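Reader: Hello! Could you show me how to read the way helices pack against each other?

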Amino acid sequence: MENDAIIKIENLIKRFPVGKTEFTALKNVNISFGTGEFAGLVGPSGSGKTTLLNIIGSLDSPSEGEVIVLGKNVSLLTHKQSAVLRNRHIGFIFQTYNLLPVYSVYENVEFALLLQNMSGSERKKAVMAALEWVGLTEKVKSRPSMLSGGECQRVAIARSMVKRPEIVLADEPTANLDSSNSHNILQTMKNLNRELNTTFIFATHDEKVMKYLNRIISLEDGKVVKDLLMPDSKN
Amino acid sequence: MIKFLFKGILRDRSRSLLPVIVVTLGVFLTVFMSGFMKGVYGDITELNAKFNTGHVKILTRAYAEIADQIPNDLALTDVKKLMTKLHADYPEMEWVQRIHTGGLLDVPDSVGETRGQGQVVGTAIDFLTPGTTEVERMNIPKSLVKGSIPTKQGEALISDEFATRFGVSTGDKLTFFGSTMNGSMTFKTFVVSGTLKFGNSILDRGSIFMDIRDAQLALDMDDAASEVLGYFKDGIYNDLKAQQVENSFNSRFSKKDDEFSPVMSRLVEQQGLGDYLKLADSANAIMSFIFIVAMSIVLWNTGLLGGLRRYSEFGIRLALGEEKKHIYFTTIYEAVLIGLIGSVVGTALGLGLSYFMQSHGLDMSKIAGNVGMMVPSVYRAEVTPGLFYIGFFPGLIATVLGNGLAGFAIYKRRTSQLFHELEV
Ligand SMILES: Nc1ncnc2c1ncn2[C@@H]1O[C@H](COP(=O)(O)OP(=O)(O)OP(=O)(O)O)[C@@H](O)[C@H]1O
Ligand SMILES: [Mg+2]
């Protein structure tokens, strides 16, 4: 797995300007992820989990060090190239779902495909397939405001998966969900992980999430303090 | 993608409604105000043309210098010949002669003694030639309060106010005292055929309207007239054509060193009407400009507020792989859509009200009372082709400008900053 690493991070340092000084959020991080991993970043609040996910997703750039995603050095990407990387290869799932409120479930899922030059019929097939994975084919016309939290998060999963990305980055996806919804969501993602061989990386505090992970990376104060494989993860 | 954005605008009322209302209202006001101003200015000009200036006016050079003193000793002579030439050489215009004079009107009692006397302004026009256009031009049929329009020589119309003040009724005989072209005293007795009220304080206080031939006889102006006026036959002033006629006429008939030679001037050269019309145009331009600036500021702010509310939307679109530049352009597309909707609706409303005000008008005569200026009593709008774009483009420009500025503030923010808005 280490050989065909889909994400490779070497000596990553991330500093944020805070007033006149700087705050170092990531201090010399070295990790790799292989294809098909179901991995999690855990650690106390402020340890740098979100920062690391954002850099992997090329929403933010490293201050120092190298981050190679799908063979591309994210520091060297143009705006356009990193947009294409996100659009085609990386899915995001957030704690607060972040669905577009004025659009229907169908349209929310369809949006990413509108940015690609995909024909209408292809788009429709892809969207319906994604909604089927998360079991929401009945709700295509609903607006996010009419859905429960669990349903919203399933729409967000469909949205991240519809383009069949190699990598899905999920930041606290279960934090706003009750226990049964959390399990449902995680089961859905685990199934997709197995069927499509998509790499999932979570940032989480949630014990329930950890049970599903097959690798747990602990961050503390911007440093990786533990990196454990979980052979006996759920399913 | 456009369809997608359009759906978003339609559904997110808070994003579209206020800007659309602002644009609609602004465009509506601009279109209507401009149509209304155009109409009123046009009416004022036309009214002045009819009563005073003509579309072009011919006076002697000397008369023109001191025209407000009505110096009939300097009046045009040889008018018949002049009129013949004008009709032959400038057939696109209608030519009429008028005489202005001043004097006293004497009201006798039953035995012929003076019962009262009042100062009057005398105007002599062609009442009697069959097919004369002057009666309509001076709006006499509509201004008639009592009696009828003169049908034979020796009949005259006087202002109703004068008639009321001195207890004159139609059919009474009055004597006009004035001075001839040569400066000697003269008088002529008229039968009052009717009374007039124009809604203009100067004309209504004391005036007498007589036939031009009566005036020529009474004032020893047999082949003379105070002025000759030219009107375009379609009734619409055309400055370019007027200029051609003016240049041609002056080069042929006007001699610089002869103060009794005739000289022609256009409507816009008289009584500051030209400046007045230019003022009207620049007032319109200034209004449109202020409108663009004010609307841009309002829309900039609504755009900023809308943008703030939409940070999370922009963040998620970034995360989904939309380029920041593209997001910025989509906000411009949206502005164009909103600007189009507002401008179309606003222009339609403005044109609608302008049409209404063109056909119905706003009757100010009761509100304004008697005014000294030559102003119309009914204010009408005028629908011109200009109205179709005078509000439309400013509306569109203001929306795009306002949203562009607002979008730029968002655009300048770093991607990661926008994205951080996603976290709660
Ligand atoms: N744009 C920024 N500017 C300045 N400091 C930042 C910025 N983004 C993150 N930080 C800081 O970096 C540190 C790590 O933040 P990060 O969001 O990665 O933590 P986290 O592990 O995701 O925490 P949580 O579990 O609360 O989500 C925090 O101390 C945070 O204040
Ligand atoms: Mg976080």
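Author: Gladly. Let us begin with α12(B) and α13(B), which are oblique to each other. Keep in mind that this is a predicted model.

Reader: At what angle do the axes of α12 and α13 of chain B cross?

Author: The axes of helix α12 (residues 311-319) and helix α13 (residues 324-359) of chain B cross at roughly 135° and come within 10 Å. Angles over 145 would count as roughly antiparallel, so this pair is called oblique. The crossing of α12(B) past α13(B) is right-handed.

Reader: Which residues make the contact between α12(B) and α13(B)?

Author: From α12(B) come B:Phe314, B:Arg317 and B:Leu318, while α13(B) supplies B:Lys324, B:Ile327, B:Thr330 and B:Thr331. Sorted by class, the contact has three nonpolar, two polar and two charged residues.

Reader: How far apart are the axes of α11 and α16 of chain B?

Author: They are 7 Å apart: helix α11 (residues 273-309) and helix α16 (residues 392-412) of chain B pack at an angle of about 40°. α11(B) and α16(B) are therefore oblique to each other, and α11(B) passes α16(B) in a right-handed crossing. Among the residues that meet are B:Phe291, B:Trp300 and B:Gly303 in α11(B) and B:Pro394, B:Leu401 and B:Ala409 in α16(B). This contact has 13 nonpolar and seven polar residues, with no charged ones.

Reader: Into which domains is chain B divided?

Author: Chain B has domain 1 (2-47 + 275-423) and domain 2 (56-236). Taken over C-alpha atoms, the centres of domain 1 and domain 2 of chain B are separated by 51 Å.

Methods. Residues are numbered from 1 along each chain as its sequence is written. Chains are lettered from A and ligands numbered from 1 in the order in which they are written. This is a predicted model: local features need pLDDT of at least 70, side-chain atom pairs count only at pLDDT 80 or more; totals for chains, interfaces and linings use all residues. Side-chain values use heavy atoms; hydrogens and water are left out. Axes are lines fitted to C-alpha atoms, for helices over the stretch in contact, and angles run from 0 to 180 degrees between N-to-C directions. Helices (H or I, at least four residues) and strands (E, at least two) are DSSP runs, numbered from the N terminus. Angles under 35 degrees count as roughly parallel, over 145 as roughly antiparallel, 65 to 115 as roughly perpendicular and the rest as oblique. A crossing is left-handed if the near helix is turned anticlockwise from the far one by less than a right angle, and right-handed if clockwise. Contact means heavy atoms within 4.5 Å. Ala, Val, Leu, Ile, Met, Phe, Trp, Tyr, Cys and Pro count as nonpolar, Asp, Glu, Lys and Arg as charged, and the others, Gly among them, as polar. Domain bounds come from an automatic or database domain assignment.
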